[in-house]
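Please walk through the structure shown below, one element at a time.

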Amino acid sequence: MKTIIELRINDELFELLVEPQTTLLEVLRDHLALTGTKEACGTGECGACTVLINEKPKLACLLLAAQCVNMKITTIEGLADDEGLTPVQQAFLEKGAVQCGFCTPGMVLTVTALLNECPNPTEHEIKKALEGNFCRCTGYNKIVEAIHEAAARLSTASPSGR
Amino acid sequence: MLLPRFQLLQPKSIEQATELLGKHEAAARIMAGGTDVLPRMKYGLESPSYVIGLSNLPVFEPVDSDGFLLLDSLMSLTDVARSEIIRQNAFGLAEAAYAVGSYQIRNMGTLGGNLCLETRCMYYNQQHSYQFVEPCFKRNGDRCYFIPKGKQCWAVFVADTAPVLFSLDASVEVLSNGSPKRIPIDEFYTGNPLHPCTLSRQDLLVAVRIPINSGLRGTAFSKFTIRGGLEFAAINLAVVLDVQEDGSTCSNARITVGAVAATPIRLKKTESLLIGQKLSDDLFNDAGRTAADEIRPIPHHGFSASYLKACLRSLTRDALTSACSRIPRH
């Protein structure tokens, strides 16, 4: 049975008609055309569909849309604003951490959450945080470099992070 | 990948949840974090008519009640790994929670969900086209594809938090048809890969109860995987070491190995080797050898029994060493 739900995505309210089995990923991609969130495995193994739910990285492919009511949902489209890219996005660009780009939205969101929780992560903490985000191009080295760079910039940046 | 159709029920309280369970019985499936049940539904291994989502239930903070640490079964694994009271009293449990899945999975998955994890084998938990030929035991068939001459299911139970709870002598609180019941953790698992937990369809796991030890104690968890992250355990191990006042003589040891059978297994021979002895690297080496001789692991996911034994030897040694290093010094 379809129900009407209201979701807060990237600080905007959306009223949606969904089936109980509709995942958040389907809502984002198919109902709202927010295709930055990717689907690869669909079973929680690859991290391509990572979104932030109340600032915590979670997997949109394993969340039912109806469970996400009253939560703050952030997708990759919600990071950059008029002032430009976030330090994490900028560092990914500059350090060559993006190749085919399919894993990048998930990576960037995971890293954004990591640096929020732990502003100066060690190499081990970075790798541990990224264990659920698969990248088949870069070999991860450039990504880890980009995260160190982003952490360094964030710690010297103004309180707004830019 | 699409989910099959179902009705989603979202109770607001535990009472409502048990009521719904009693009403729908076998047609309903409980979903806490959803990281285990939803992939199974996507693979077509399960298609319940009702899914009871527990994400709206309130979650209580870990509390010290009468010498027991009481944990909500709906605590996320991230919260278990970070909780100060858990790290102080049962560090091994925090370590095990941190070893589960990935950053995202730990944010979604719950302690109770991990304890009720489905057993796994290389064949069943995947979407293979040949699954639609002749069903295996787990799909109500009569054959095992993983061990082709097998006369039974050989799936193993791989959850990381369960062995620690065995070693900590924990128990679980279950609401059965609405009435509370306490089950020691070693009676919670059946050893039957088709029904790993003793829970019936009306039962709801609500809390985990861990005795708090005020003596000199060290706990540790170790896990072997190939990739080192986002992987179910090839084998995992939990150690609880208690020492006497002198700080070096072992007064009690509880060692539990997981992922080698349909239930975690206590290594009682290895435990008795340690009790009464002075802790030393040589003793830990001996314990590793004894542990490897003590059990016959079920080969799974491409790991042979002898390989798992070799892993068990080094895991035992390493976990004992780190548990020993965590015993508080005066």
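How many residues does helix α5 of chain A have, and how far does it reach from its first C-alpha to its last? In this predicted model, α5(A) runs over residues 141-156, which gives it 16 residues. The distance from its first C-alpha to its last is 23 Å, close to the 22 Å expected at 1.5 Å a residue.

The burial pattern of α5(A) comes next. Its buried residues are Ile143(A), Ala146(A), Ile147(A), Ala150(A) and Ala151(A). Viewed down the axis of α5(A), these buried residues fall within an arc of 140°, so they line one face of the helix. They pack against three other helices of chain A, namely α2 (87-94), α3 (104-117) and α4 (123-129). On the face turned away from the buried side, α5(A) carries the exposed residues Asn141(A), Ser155(A) and Thr156(A).

A strand of chain A shows another arrangement. Strand β3 of chain A, residues 50-53, is covered on both faces. Thr50(A) and Leu52(A) are buried on one side, and Val51(A) and Ile53(A) are buried on the other.

β3(A) has pairing partners in two strands. With strand β4 of chain A, residues 56-59, β3(A) pairs in the antiparallel sense over 4 bridges. Within this pairing, Val51(A) has Lys58(A) of β4(A) as its bridge partner. The hairpin formed by β3(A) and β4(A) has 2 residues between the strands, and Asn54(A) takes a positive phi near 45° there. With strand β5 of chain A, residues 72-74, β3(A) also pairs in the antiparallel sense, over 2 bridges. Here Ile53(A) stands opposite Ile73(A) of β5(A).

Now to chain B and its contact with chain A. The contact takes 24 residues from chain A and 23 residues from chain B. On the chain B side, β1 (7-9), α2 (37-42) and α6 (103-108) each supply at least two residues. The largest share comes from α6(B), with 5 residues. By type, the chain B residues that touch chain A divide into 11 nonpolar, 10 polar and 2 charged.

What domains does the assignment give for chain B? Domain 1 covers 1-57 and domain 2 covers 216-325. The C-alpha centres of these two domains of chain B lie 36 Å apart.

Terms used: Residues numbered from 1 in each chain as written. Chains lettered and ligands numbered in written order. Predicted model: local features only at pLDDT ≥ 70, side-chain atom pairs only at ≥ 80, totals over all residues. Domains from an automatic or database assignment. Buried ≥ 20, exposed ≤ 12 C-beta atoms within 10 Å, placed from the backbone. Pairing = 2+ DSSP bridges. Contact = placed C-beta atoms within 7 Å. Nonpolar A, V, L, I, M, F, W, Y, C, P; charged D, E, K, R; others polar. Expected span 1.5 Å × (residues − 1). Arc of directions from axis to C-beta.
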